[in-house]
Amino acid sequence: MMKAKVTVTLKSGVLDPQGKAIAGALGHLGFAGVGEVRQGKYFEIELAETDRAKATEQVKAMCEKLIANTVIENYHIDVG
């Protein structure tokens, strides 16, 4: 059994209204000095695969087909 950790973030240049709202809320809560905030998604996926390279390829295919919208999002995979 292997576990893959996937972090999905918006590409730079893509507007992030949720991140902007979070930054504003943090300022209203008294957290001074907060610059730009970008939001993202995090996934943990358990795989039956035991070969790290094959598991990484499987998760990459999952990201390309479903998990990430590759037009506006980047993803990073860590398999362990």
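Strands here are DSSP runs of E, at least two residues, and helices are runs of H or I, at least four, numbered from the N terminus.

Before going on, note that this is a predicted model, with local features needing pLDDT of at least 70 and side-chain atom pairs pLDDT 80 or more, while totals for chains, interfaces and linings use all residues. Residues are numbered from 1 along each chain as its sequence is written, and side-chain values use heavy atoms, leaving out hydrogens and water.

Strands pair if DSSP finds at least two bridges between them; β1 and β2 do so in the antiparallel sense over eight bridges, and Val6 stands opposite Phe43 in β2. Seven bridges join β1 to β3, also antiparallel, with Asp78 in β3 as the bridge partner of Lys5.

Next, click Val6. Its contacts (heavy atoms within 4.5 Å) beyond four places in sequence include Val59, Cys63 and Ile77.

Finish at Val79, in strand β3 (residues 73–79). Is Val79 buried or exposed? Val79 is buried, with a relative accessible area of 6%. Among the residues that Val79 touches, not counting those up to four places away in sequence, are Met2, Ala4 and Ala55.

How values were computed. Buried means under 20% relative accessible area, exposed over 50%, partly exposed in between (1.4 Å probe, protein chains only).
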